[in-house]
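Subject: Structure for your review

Dear colleague,

Please find the structure below, together with its sequence. My notes on what was found in it follow.

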Amino acid sequence: MTNPHVAFRSSDTLHTRTDGFISRMQGGATKPEPREIEAIMAIFMEEALQAFMVRAAEATGLSPSLFKVVNMTCQTINKATSLVIGRSAKKMDLAQNKAAADYMDSVRQQGSDGWYVAFPVSEGMAIKGSNLPSLCANGDYDEARRELEEYLHAITDESIKWYFEKPMDLLGFGPVLRKLASVGVETTRKASRSLIRNLIPKLDDDQLTSACGYQADMLMRFEDRKH
């Protein structure tokens, strides 16, 4: 049985490094690899921000001023997460490294054209995202605008759950690292929500149509990996 996911294509660099790390940790590694975790997460964050924000903005043909806002949001999120990753990777023991490898394995999916980073969403959320282009095609732009904003807020919450909160729980951080990670999570949430609230109302009908199409295209179906 297949289930809906929000997914973006993994680069060969990200997949190769992640696959190597997973193989070593699941194959009897005897020491942690803080530098490799830091490198993998830096690549992952760059590709995630490109997929969810930069390419989404490019698809809509934003004005230079609005595109600048997108880039500033990405920089804010990247700075916050880099601080968390840099601090936490150095303190993770071997068991936490192995848990990180298991987590990385759980959010990768193989498609017909390569590897994807993906997280599952409910059927209801998938239907909501898939219906966005139809609203624009029917000329229901006001409804499409409302639905897109609601959908993006929901996807933001899901992505934060899968990319931040789940690994944080899995790694069992102590109080200091947990507080640092929580600050990073809230920075990401606030920056993302602010961007959505400020950006969506400023899209014209053509840009809105492109934005809806882009979000629908990020929905894919994969076999349940039993997370």
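Asparagine 97 is a residue of helix α4 (residues 94–106). Please note that the model is a predicted one. Asparagine 97 has a relative accessible area of 0%, so this residue is buried. Apart from neighbours within four places in sequence, asparagine 97 is in contact with Phe21, Met25, Pro32, Glu33, Pro34, Ile37 and Met92. Serine 65, by contrast, is 32 residues away from asparagine 97 in sequence and 41 Å away in space, C-alpha to C-alpha.

The second topic is the aromatic rings. Seven aromatic pairs are found in the whole structure. In one of them, phenylalanine 8 and phenylalanine 52 have ring centres 6.0 Å apart and planes at 80°, so this pair is edge-to-face. Phenylalanine 8 belongs to strand β1 (residues 2–9) and phenylalanine 52 to helix α2 (residues 34–60), so the pair ties together parts 44 residues apart in sequence. Phenylalanine 8 is buried, at 2% relative accessible area, whereas phenylalanine 52 is partly exposed, at 22%. Phenylalanine 52 also forms a stacked pair with phenylalanine 119, with 6.5 Å from centre to centre and 20° between the planes. Ring pairs link Phe8, Phe44, Phe52, Phe119 and Tyr163 into a cluster.

The last topic is a pair of helices. The axes of helix α7 (residues 141–171) and helix α8 (residues 175–199) come within 10 Å and cross at roughly 165°. Because this angle is over 145 degrees, α7 is roughly antiparallel to α8. The crossing is right-handed. By class, the contact of α7 with α8 has seven nonpolar, five polar and eight charged residues.

Yours sincerely,
A colleague

Notes: Residues numbered from 1 in each chain as written. Predicted model: local features only at pLDDT ≥ 70, side-chain atom pairs only at ≥ 80, totals over all residues. Heavy atoms only, no water. Axes fitted to C-alpha atoms, helices over the stretch in contact; angles between N-to-C directions. Helix = DSSP H or I, 4+ residues; strand = E, 2+ residues; numbered from the N terminus. Parallel < 35°, antiparallel > 145°, perpendicular 65-115°, else oblique. Left-handed = near helix turned anticlockwise from the far one by under 90°. Nonpolar A, V, L, I, M, F, W, Y, C, P; charged D, E, K, R; others polar. Buried < 20%, exposed > 50% of the residue type's maximum accessible area, 1.4 Å probe, protein only. Contact = heavy atoms within 4.5 Å. Phe/Tyr/Trp six-rings, centres within 6.5 Å; stacked < 30°, edge-to-face > 60°.
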